[in-house]
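Here is a two-chain model to look through together. Keep the sequence and the 3D view open while you read.

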Amino acid sequence: MNELRKSFHHDIEDVRTELVHLAAFVTESIPRATAVLLTGDLEGADMIIGGDDEIDARSLDLEDRCVQILALQAPVAGDLRQIVAALKMVAEVERSADLVCNICKAARRIYGHELDPTLRGIITRMGEQAQQLYIAAIESFVENDAAKAAAIDDMDDYLDDLQRQFVQAIFESHAAGRIDLQVAVQLAVVARFYERIGDHAVNIGERVRFVVTGWLPEHRGAARFRSRPDETGEIMRPVDQGTGD
Amino acid sequence: MFWLWALLGFVGGSVVTVLAMRGSASSPTVDSTLGDERASAEIAVQARADRLQAALDAMPYGVVVTDHDGNVLVRNQATAEVGADAHNEVLVQAAVQYNLRSALRGEARSQTVELYGPPRRVVVVHAKPLGPDGAMATIEDVTERSRLDAVRTDFVANISHELKTPIGALAVLAETLIEETDPTVISRLADKTVNEAHRVAKIIDDLLELSRIELSGDLIVSECDVASLVLEATSRNGYVARQNQVVVSAGEIPAGLKVHADHAQIASALGNLVDNAVKYTDVGGTVTVAALPDQLGVTFMVADTGIGIPTRDLDRIFERFYRVDRARSRGTGGTGLGLSIVRHVANNHGGTITVSSHEGEGSTFRLYIPDRPVPVS
């Protein structure tokens with residue numbers, strides 16, 4: 001391998017390492033945010049919210065590096081997929097970090113309100129599950145494991161279930177007069193934040209599958225759309241993926 | 001000549017340099033004895049390197065050594081065991097890299113990395129420069145140490161809180177009584193005074209029981225009937241249970257099941273477990289006590305459908321005076337010593353106490369008591 005190519009692969013490896021590091025940072029902040037929420041730890045909330053600036057800065061920097069590799073090295077095939085996927089994944093990770101901050105902001109708003117053990121229990125479970133999804137996403141990315149990446153989607157079903165249970169528990173708690181409407185609304189939003197963090201982990205998993213196999217679950221829907229006739233009765237042709245005809 | 005260069009690169013020791021000179025001087029006529037010498041020297045150097053690596057691997061700390069460009073030269077086994085999860089591993093390695101970079105600039109550094117888990121872990125990373133040639137970093141897991149520190153500081157805070165509160169209340173009540181003339185107010189205050197005095201007495205009783213169990217080296221082992229132990233524990237808390245409308249029931253216990261243990265201690269431990277279960281279960285909940293025998297002993301199980309214990313507190317509830325929620329503790333009237341009594345009973349018997357719990361779903365405590373033969377008297 002000549003020197004130029006060596007540095008190119010070194011660059012891609014750097015991008016991957018940094019991406020994993022950012023994702024690990026987010027994975028670590030999920031249980032922290034859960035503890036902030038459950039213990040009303042305002043200082044902890046400030047720390048996590050303040051820490052988001054670093055994630056933003058590093059995400060931007062990572063994005064720049066990806067664009068630079070695209071512009072200067074013109075990667076192809078697997079390398080191209082790596083870089084394009086990394087570009088997409090940075091956005092997922094960065095958005096997840098924002099959601100973690102949002103949980104902390106919600107913790108500030110419900111500060112001083114007692115929560116039922118049932119609500120606290122489901123919050124704990126949602127936090128754990130969201131973190132598990134992220135751990136699986138990182139592992140699948142590090143190991144380039146498409147099978148593990150595909151499993152994240154199934155893990156997400158449980159998180160969605162928990163969210164539904166939680167909303168039900170909020171209704172019950174509110175009906176029994178144990179929490180007021182404002183807290184109930186904040187909690188419902190918190191459940192949504194956890195659920196969205198899970199969705200971002202699923203998206204990362206899908207990108208890992210794309211890197212390994214070149215296939216995305218969205219391709220199925222896209223194929224359905226293309227096979228559907230439009231108003232003129234003409235069947236739409238794929239325009240982006242020339243097959244030679 | 002390849003092996004020579006490889007060797008030079010590997011250790012750069014004086015032995016190898018001498019060897020290399022001899023080797024090059026006599027290279028046109030390499031005889032077999034010299035070849036053997038080389039081979040044995042190579043083996044010796046390799047053995048030395050292996051021994052050093054083995055010594056590094058045997059260390060409880062992670063060790064990473066780099067050259068002046070930051071390329072890793074040596075990494076021992078413990079570095080691989082630092083992170084339980086991939087993401088923990090990444091965060092620790094990032095801290096190592098960060099501190100090594102500083103050490104390579106000639107500045108020693110250390111950093112404490114708190115991993116939130118679960119399980120929670122605390123890792124300290126030290127990095128030092130190794131002259132102009134590189135740097136080394138050590139990774140040390142101080143989870144247990146920092147947990148013990150927390151136990152120690154919290155203990156002092158908790159015990160003073162538990163003892164001061166009722167005594168403070170007694171002082172205030174007595175002062176008010178001196179001035180008071182209205183008989184109805186006096187009787188109400190006197191009632192409260194009695195309650196607070198009972199509270200202090202209960203704490204002192206528990207402390208005494210705890211120290212007795214802690215100090216008693218010898219168990220008074222006798223053959224205990226498991227069914228009657230369970231019955232004793234469930235009936236002891238009957239009154240509170242009826243008041244809280246909690247149903248306490250005993251699970252199926254094999255007839256005639258016996259265990260050789262200290263009867264008074266086991267009864268105390270089970271009583272405390274059921275007491276807690278009843279206290280932390282809401283109206284309409286259930287508490288079930290069961291006993292499961294195996295070849296070596298008996299596992300007593302106390303399961304409730306109560307409020308449960310937050311995951312973060314699970315490993316700390318057996319500490320003296322530890323409270324999950326201090327605001328709630330006065331309402332439930334416990335002393336904060338019950339579970340540490342249980343832990344001591346388990347330890348005295350060479351058994352274990354474990355808990356699994358989820359907030360809002362309930363807790364299950366398992367007290368395992370190994371059967372022990374009755375000493376010949």
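What follows is a tour from the whole model down to single residues.

This is a predicted model, in which local features need pLDDT of at least 70, side-chain atom pairs count only at pLDDT 80 or more, and totals for chains, interfaces and linings use all residues. Residues are numbered from 1 along each chain as its sequence is written, while chains are lettered from A and ligands numbered from 1 in the order in which they are written.

For the complex, the predictor gives an ipTM of 0.71 and a pTM of 0.75. Chain B has a mean pLDDT of 82, with 86% of its residues at 70 or more; pLDDT is the predictor's confidence in each residue, from 0 to 100. Look at residues 1-28 of chain B, where pLDDT stays under 50. Where pLDDT is low, the predicted coordinates should not be read in detail.

**Chain A**

What is the secondary structure of chain A? It comes to seven helices and zero strands, in the order α-α-α-α-α-α-α along the sequence. Helices (H or I, at least four residues) and strands (E, at least two) are DSSP runs, numbered from the N terminus. The C-alpha trace of chain A spans about 65 × 55 × 30 Å along its principal axes. Of the 245 residues in chain A, 40% are buried. Here buried means that 20 or more other C-beta atoms lie within 10 Å of a residue's own, exposed means 12 or fewer, and partly exposed is in between, with C-beta atoms placed from the backbone.

An unreviewed UniProt entry lists "domain: PhoU" for residues 20-106 and 123-208 of chain A. UniProt positions are given in the numbering used here, feature names are shortened, and annotations may be inferred rather than shown by experiment. Here are the two spans.

| Span in chain A | Distance between end C-alpha atoms | Helix and strand |
|---|---|---|
| Residues 20-106 | 27 Å | 94% helix, 0% strand |
| Residues 123-208 | 28 Å | 92% helix, 0% strand |

Now for the inside. The largest nonpolar core has 84 residues, and those with the most contacts inside it are A:A23, A:V100, A:I103, A:Y134, A:A137 and A:I138. A nonpolar core is a set of buried Ala, Val, Leu, Ile, Met, Phe, Trp, Tyr and Cys residues joined through C-beta atoms within 7 Å. Helix α3 (residues 77-109) of chain A gives the largest share of this core, 14 residues. Leaving out residues up to four places away in sequence, A:V100 touches A:V26, A:S29, A:I30, A:A33 and A:I48. Touching, or being in contact, means that the C-beta atoms of two residues, placed from the backbone, lie within 7 Å.

Most residues other than glycine have a negative phi, and most peptide bonds are trans. A:A77 has a positive phi of about 50 degrees although it is not a glycine. A:A77 lies in helix α3 of chain A and counts as exposed because it has 8 C-beta neighbours inside 10 Å. A:N144 also has a positive phi of about 50 degrees without being a glycine. You'll find A:N144 in the loop between α4 (117-143) and α5 (146-175) of chain A, partly exposed with 14 other C-beta atoms within 10 Å.

**Where the chains meet**

How many residues of chain B are in contact with chain A? There are 19, and they meet 20 residues of chain A. Five residues of α5(B) form the largest share of chain B's side.

**Inside chain B**

Is B:A261 buried or exposed? B:A261 counts as buried because it has 28 C-beta neighbours inside 10 Å. B:A261 sits in strand β8 (residues 258-262) of chain B. Not counting residues up to four places away in sequence, B:A261 touches B:V221, B:C224, B:I266, B:H349, B:I369 and B:R372.

Helix α12 (residues 338-348) of chain B is mostly covered, with nine of its eleven residues buried. The cover over those buried residues includes α7 (183-215), α10 (263-279), β11 (352-358) and β12 (362-370) of chain B. After α12(B) comes B:G350, with a positive phi near 70 degrees.
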